[in-house]
Amino acid sequence: MAVGLMFCLAGCSGDNGSPVQEAIDTPAPIERSAEPVYGGHLRVGYVLEPTSLDAVLGRSGGDAYYWRQIYDQLVDINHSLEPRLSRSLATSWVISEDPDSITFHLRQGVVFHDGTPFNAEAVKFNVERILDPKTMATPRASMTVIESVDALDQHTVRFNLLRPWGAGINMLADRGGVMNSPAEVLALGADYGWKPSGTGPFRVNKVITGTMVNLVRNEDYWAKDDAGRPLPYLDEVTIRVIRDETVLASALRTGEIDVAYLPYKDVAAFRRDPRFSIETMDGSGVALLLAFNVGHELVSDVNLRLAISHAIDPHVINRAIYFDKVMVADSGMWPVGAWAHDPDVPRPTFDADKARQYLALGGRPDGFELTTVVNNTPVNILAAEVIRAMLKKIGVTLNIEVMAVGVAGESFFNAGRFPLYLTGWSRYPEPDWIASLAFKSDGFYNAANLPRPDVDALVEQGASFYDQADRLRAYRQLNALVLREAWFVPLLYATSYAAAPRRVGNLDRLMGWDAKMNLREIWIAP
């Protein structure tokens with residue numbers, strides 16, 4: 001029985017809900033109705049190096065700044081999580097409940113960067129690659145509802161499901177729906193991560209590990225803008241890794257780079273500078289997070305995790321490190337702006353007396369010592385120092401180990417070396433992304449991977465319902481449980497400030513639904 005969930009190309013319009021440009025008393029930017037200019041080399045500054053350009057194997061949310069320029073997904077969505085088929089590799093689909101399945105009709109005439117065709121067999125290959133445990137794919141836990149994939153003909157593919165999958169369409173707009181060239185994956189093996197072949201607007205030209213990624217225009221790209229003009233507009237993009245925030249801001253001011261997300265300390269100054277446009281998105285992720293390995297012997301007692309959580313005052317960190325440019329978290333992993341965000345859920349808040357009580361309940365009234373891993377983003381390192389001072393007040397000694405982002409993630413989530421990870425988290429408004437990958441027992445971002453049938457059942461419920469109200473009930477329970485047991489305790493929600501000189505056009509289209517950069521509609525005037 002089809003359930004009335006069929007989408008067709010003709011019925012879809014452009015992106016809704018784009019972030020609104022901040023009103024500042026400066027000269028008007030380039031008119032957004034102006035004709036885009038083709039050509040040019042856009043230089044982007046970003047604080048994190050990619051862990052892989054293969055979206056399926058990348059371990060950092062920051063990887064999306066790179067791979068979103070290289071790939072298309074089976075389904076694309078706008079800021080309101082509505083399908084945007086003008087940008088999707090599927091032109092329509094039907095969800096059936098008898099038996100549970102999703103049948104996709106695929107866009108014709110699309111080729112991968114290596115010249116091989118995108119078709120049903122390619123979709124089957126990509127999904128089966130994710131589902132194969134040997135791949136160790138980051139999104140695997142969110143895709144295991146797919147029992148098998150059938151290529152019905154060259155342009156029709158069916159996902160056979162173990163149960164209903166209400167989260168499925170939105171999940172396919174992220175890593176799980178990325179399409180890689182089967183031929184190149186097989187030919188390059190382990191080298192594929194730095195020489196990927198997608199169907200997206202830009203091809204990888206050159207990679208200097210830890211320094212930069214250079215992309216060039218895909219002349220065979222299939223998508224067009226709202227006026228029917230071919231995309232992308234740019235000839236070339238270079239994403240430079242600039243970890244030092246002072247250097248990043250200086251490079252933007254002096255014209256060494258053209259686009260960057262501003263360091264918080266520089267937002268006020270750039271707002272006053274009439275040469276620049278700024279776009280803002282609240283709730284663009286979790287700016288600062290306590291991620292606990294609940295299976296680690298040092299924090300396996302929930303009382304000790306709660307002691308640490310109650311000992312930290314995020315208001316102080318916001319003022320001292322973030323210049324009050326982010327928001328103190330009032331809920332769990334789904335931030336402001338996500339439909340699963342629930343500000344009424346009970347959660348740990350700053351209370352030093354309560355922190356000491358939890359230490360006593362955990363059998364450590366005089367405190368204890370532990371080590372946190374932190375990635376090498378300067379703002380995270382500074383925040384860790386402030387947190388160390390706060391924990392010292394309740395007798396907890398915090399050692400800090402700084403690692404590159406990829407090594408830090410692997411050490412914590414995969415190797416289980418550390419009891420605590422002080423980090424940030426990307427914006428994922430589709431709640432199953434976090435639920436499946438961070439809360440589910442076999443999720444990649446569940447560092448302990450301890451069996452929790454109660455949690456797994458809630459995750460499956462939340463992902464299965466097609467009615468959002470039913471889904472929300474499951475996520476409210478998950479949110480409360482995770483905060484009550486202090487698995488992940490957000491301290492601050494992020495606000496992103498994207499800045500560019502006024503000759504950069506379509507800056508209002510830079511930030512996608514996940515707040516990551518998407519460069520296919522950006523142009524730059526000579």
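**A friendly note on the structure**

1. D454 is partly exposed, with a relative accessibility of 39%. Buried here means under 20% relative accessible area and exposed over 50%, with partly exposed in between (1.4 Å probe, protein chains only). Elsewhere, salt bridges that share partners join R87, D226, R509 and E521 into one network.

2. Before going further, a word on the model. It is a predicted one: local features need pLDDT of at least 70 and side-chain atom pairs count only at pLDDT 80 or more, while totals for chains, interfaces and linings use all residues. Residues are numbered from 1 along each chain as its sequence is written, and side-chain values use heavy atoms, leaving out hydrogens and water.

3. Now the salt bridges as a group. Side chains of opposite charge can pair when their charged atoms come close. The rule used here asks for a side-chain nitrogen of Lys or Arg within 4 Å of a carboxyl oxygen of Asp or Glu. How many salt bridges does the structure hold? There are 31.

4. One of them joins R253 and D266, with the closest N and O atoms 3.6 Å apart. R253 sits in helix α5 (residues 245-254) and D266 in the loop between β9 (259-261) and α6 (267-272), so the pair ties together parts 13 residues apart in sequence. Helices (H or I, at least four residues) and strands (E, at least two) are DSSP runs, numbered from the N terminus. Is D266 buried or exposed? D266 counts as buried because its relative accessible area is 8%, whereas R253 is partly exposed at 31%.

5. E430 is buried at 3% relative accessible area, and R471 is buried at 5%.

6. Next, the core. A nonpolar core is a set of buried Ala, Val, Leu, Ile, Met, Phe, Trp, Tyr and Cys residues joined through side-chain atoms within 4.5 Å. The largest such core has 176 residues. Those with the most contacts inside this core are F104, F159, W165, I317, Y322, W425 and F439. To see one of them in place, look at Y322: apart from neighbours within four places in sequence, Y322 is in contact (heavy atoms within 4.5 Å) with Y264, A287, L288, I317, V379, N380, A383 and L492.

7. Aromatic rings come next. Rings of Phe, Tyr and Trp (its six-membered ring) pair if their centres lie within 6.5 Å; planes under 30 degrees apart count as stacked, over 60 as edge-to-face and the rest as tilted. The count by this rule is 27 aromatic pairs. Why is the pair of Y38 and Y233 edge-to-face? The ring centres of Y38 and Y233 are 5.3 Å apart and the planes stand at 80°, so the pair is edge-to-face. The two residues are 195 residues apart, Y38 in the segment before β1 (41-46) and Y233 in the loop between β7 (212-217) and β8 (236-241). Y38 is partly exposed at 38%, while Y233 is buried at 2%.

8. The strands around that pair are linked as well. Two strands pair if DSSP finds at least two bridges between them. β1 and β8 are parallel, over six bridges, and V44 stands opposite I239 in β8. β7 and β8 run antiparallel and are joined by five bridges, with M212 opposite R240 in β8.

9. H113 lies in the loop between β3 (100-106) and α2 (120-131) and is buried at 12% relative accessibility. A polar atom of the H113 side chain lies 3.0 Å from the backbone oxygen of G200, and one lies 3.5 Å from the backbone oxygen of F202. Leaving out residues up to four places away in sequence, H113 also touches others, including I70, P196, R203 and N218.

10. Last, helix α7 (residues 302-310), where eight of the nine residues are buried. Among those buried are N303, L304, R305 and H310. The buried residues pack against β10 (276-292), α9 (352-361), β12 (369-375), α10 (378-392), α14 and β15 (488-501).

Definitions and conventions:
Polar contact = N/O pair within 3.5 Å; in protein donor to acceptor, adjacent residues only side chain to side chain.
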